[in-house]
Amino acid sequence: MQSEHYVIIGNGPAANSAADILRKGDPDARITLISDEFFPYYHRHLLRHYILGKKSKEDLIVRPISYYRENRIRLRLGQKVVRIDLQTRTVFLAHMEKVHYTRLLICLGGKPRIPEIHYVYSEYFTAIKTIDDAEAFREQLPGIRSMVIVGGDLISVKMAASFLETGMNVRFLIDEDAFWPLKLDDDQRRDFTERLSARGAEVISGDVLAGVEPETEGGFRVRTRNGLSLSCDRIGAFFGLIPDVDFLVGSGLDIDRGILVNEYLQTQFEGVYAAGDCAQVYNPDLKNYWVSIGWDNALHLGQIAAHNILGSDKTADLPPLNLLNSDGVKVQTAWWRDL
Amino acid sequence: MPFRDDIVIKICGSAGDGSISAVDILNRAAALMGYHILNFDSYPAEIRGFGKSVGTTRISRVRPLTPGDRADCLVSLNDPHTITELPTLNESGIVIYENRPGSFLEEDQVIAGFIMPGMTGYGAPLRDLSVTAVQSARSRNIISLGILAGIFRMHPDGFEEAIRIRFSGKKDSVVKSNIKAFHLGRKYALDEIAKRDQIDFGEQLLERPGEISIMSGNEAVAEACIDSRIRLYAGYPITPATRIMEILAKTLPDRDGLTVQTEDEISAIGHVLGAGFAGKRAVTATSGPGLCLMTELINWAVMAEIPAVVIDCQRGGPSTGLPTRTEQSDLNIAVSGGSGDSPRVVLAPTNVEECYTLTRESFEIAESFQAPVIVLLDFFLANRIEDIDSKRLTGEYHGEFPGDLVHSGNEPFKRFKLTESGISPRALPGMAGLLHTVTGLEHDQKGMPDYETKNHRDMTAKRFRKMETLARIWRGSDPFGDDGDLDAGIVSWGSTVGSVMEAIDILRGQGVRAGGLFPRLIWPVQAEQLAAFSRRSRQLFVAEMNYSGQLASLYAINLSRKFGRICGVYAGPVPVQDIVDEILRGLP
């Protein structure tokens, strides 16, 4: 009998925790991880320390390359999936290679979200999501003296704190959409702004980005709806992350905010699962879908998906009170309302 | 980004993909940029259209001695072939590959799927870019050079000039379209590829003194034959020696010379001996199987004391063996092939420059000592390409018939006169009053057959005495590495010397007192020099590229001590690290 070939798209916490479970549960199977990033599995929350030079690239790595070799997990880095054929169980890669699977797990994580009304300014925005983004920013850091952060999310709060350490002038434009998709209550929102102000950031609340223009001598000018005109070297765009699932459009998978899966993390196609930030999980009690963000949630969902791929019936219940301590403010990282 | 000044680039394709021509252009471009190069190609024994062709070039500010154990960059023009080359790539190596093949390919048919974490893959639409440049896919190799130049920031001028040289003699449109292809590839790399590696030439042009020659060992041999004013090349084509014949066939007719493609190697050496007997410089080049056929007539040259030069470009054996693989396993037959006590001279150059200088000397030795001289190259040395300061390609020309050997005086002419040096006066056919007999039979001093025991003993001793004279007067080989007492002394020969020299440098860097002795005159043995080196060496090793340790066995009687043998057969040149590891294992 031909052995299983588990293909996992992604190389973050969900993907790696799933690979571990799959290897333990099926020693003979082929396991392939495919990631469009060139750098191995790393701690994204440490990127800000890398930017400031407090951590090296190696410090960010979660597990050495040898781990994959020793566990016979094939790690394909820098390879982008461009299409999936769910009928023939084939993953198509950008360099025009076909990889066949018997079970597929999609753990794509997210990509920086740019609200539709701001698409037109995308090319002026700086987003820091990957180590490549961080590396590029790190090289430019000595020449950056001022930054306007628009949107605002949990990453940006920590990034801003780091930028302030360098003596950079940081202005934070927080509108009603800030911290999407988290639903911060008024106290939490106030907490964030107070902490940022205490560190030296200028927090501009209740105003909205209205326009961006590049300046002739370099840098940008940000205009707000209330008439502010802010000059800066960089515009940090932190509007949260959305599942990076564009290539799945037309594949047949049901996609809403993320890939729709049942409580066992299986899509409507047999043998195809999703876990982590990109999964939108059905809860029979709520009769609704829920999503989650954060490292721990991803690890947990990856494990559940892997167990189910191996034949278990584990359900991905809502995290009971999964709190993320962000800059001293505790926020819930799983939610199901207003999806 | 720190500058890397010593890198190994491999271009791999199927025969006909142009990987070897691309590497040829890369060599010239790097040399024109002022860098040293060492190139070694590996290609199939079969005719174009089949099998794997791999061109390997090491580019360095310091003259490289080997093509490097592992490559830093692998360019794929044929993924299934290149996949098999991946184990030769550094763990942090770079792979440049086609990312727009005509259709989606199955898993594991494309090299991108094999790129290991830690390596860097750069995909590029080689085929599409080639079609844009020349309306066909045939310039993928030139596109890939442009990609290399763009990624590694190599100065484009050298490439343009190298392309012009490579396609000189072709239509101007061919030159232009290839230059266009190069720039298209370079532009793609600069505009579309995000650099993620540490190799950066900074578009530097280094200063180089004087004129540079870029040539292979075979080309150096041919150049030496021309400069030595040979009158005849006779040979039967055989890999890896054929290139010598190709060059001389084109060149000699314009230089009062002649190239004869004979019906076999026996005939080839027969032609050479005929010319030698007539006082004309002649040479043949062959490989192991051909040398086997020549042994009888080489023996005749020993007995008849006729000058002859035989170039043996060794390949894997025995028999027809491995035509396109390198090995140093013809030493036994070169030194002692044939019947009877049959002393001949065996020389072994260690690099391309010495292919030139020792070939030139081989004619002088053959004529002065009236004996056959076998010059041992091997596939690696014959085909590897180096940049050489053109001024070093020189040698003295003493004439093809040294005047001091001509008989003089009133006594009857004894062509095989017993002398202290073993060297007898010589005459050419037709010289008045110097009539003599030349035969393969044992003979007296006038050349007449004589089977008496005393005569045979005296004549045999005389023939060996010539070798003793040569060993005494021939310049020795300078020791390499540390002076004084050595923790490890390594004797090696031929193309393995480069690997040993690099190994010695590594060992010295690790605090081991190490040195090497690399005889170019393999036989006769320069025993005093060998003994002196042995005395300096606490541990002694003999390193070579054959299974049985042929030089080690040959020198064992002179060494009269325990020593380590570092010998083996490899896919290519001996890996430096293997030598280092063997020596470290052998040290107390």
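Into which domains is chain A divided? In this predicted model, where local features need pLDDT of at least 70, side-chain atom pairs count only at pLDDT 80 or more, and totals for chains, interfaces and linings use all residues, side-chain values use heavy atoms, with hydrogens and water left out. Residues are numbered from 1 along each chain as its sequence is written, while chains are lettered from A and ligands numbered from 1 in the order in which they are written.

Chain A comprises two domains, listed below, whose bounds come from an automatic or database domain assignment.

| Domain of chain A | Residues |
|---|---|
| domain 1 | 5–111 + 242–335 |
| domain 2 | 114–239 |

Taken over C-alpha atoms, the centres of domain 1 and domain 2 of chain A are 28 Å apart.

Strand S4 of chain A, residues 81–85, contains Ile84(A) (strands being DSSP runs of E of at least two residues, and helices runs of H or I of at least four, numbered from the N terminus). Ile84(A) counts as buried because its relative accessibility is 5%, the term meaning under 20% relative accessible area with a 1.4 Å probe and protein chains only. Leaving aside residues up to four places away in sequence, the contacts of Ile84(A) include Ile9(A), Tyr101(A), Leu104(A) and Phe247(A), a contact meaning heavy atoms within 4.5 Å. The C-alpha atom of Ile84(A) is separated by 36 Å from that of His49(A), 35 residues apart along the chain.

Conventions:
Buried < 20%, exposed > 50% of the residue type's maximum accessible area, 1.4 Å probe, protein only.
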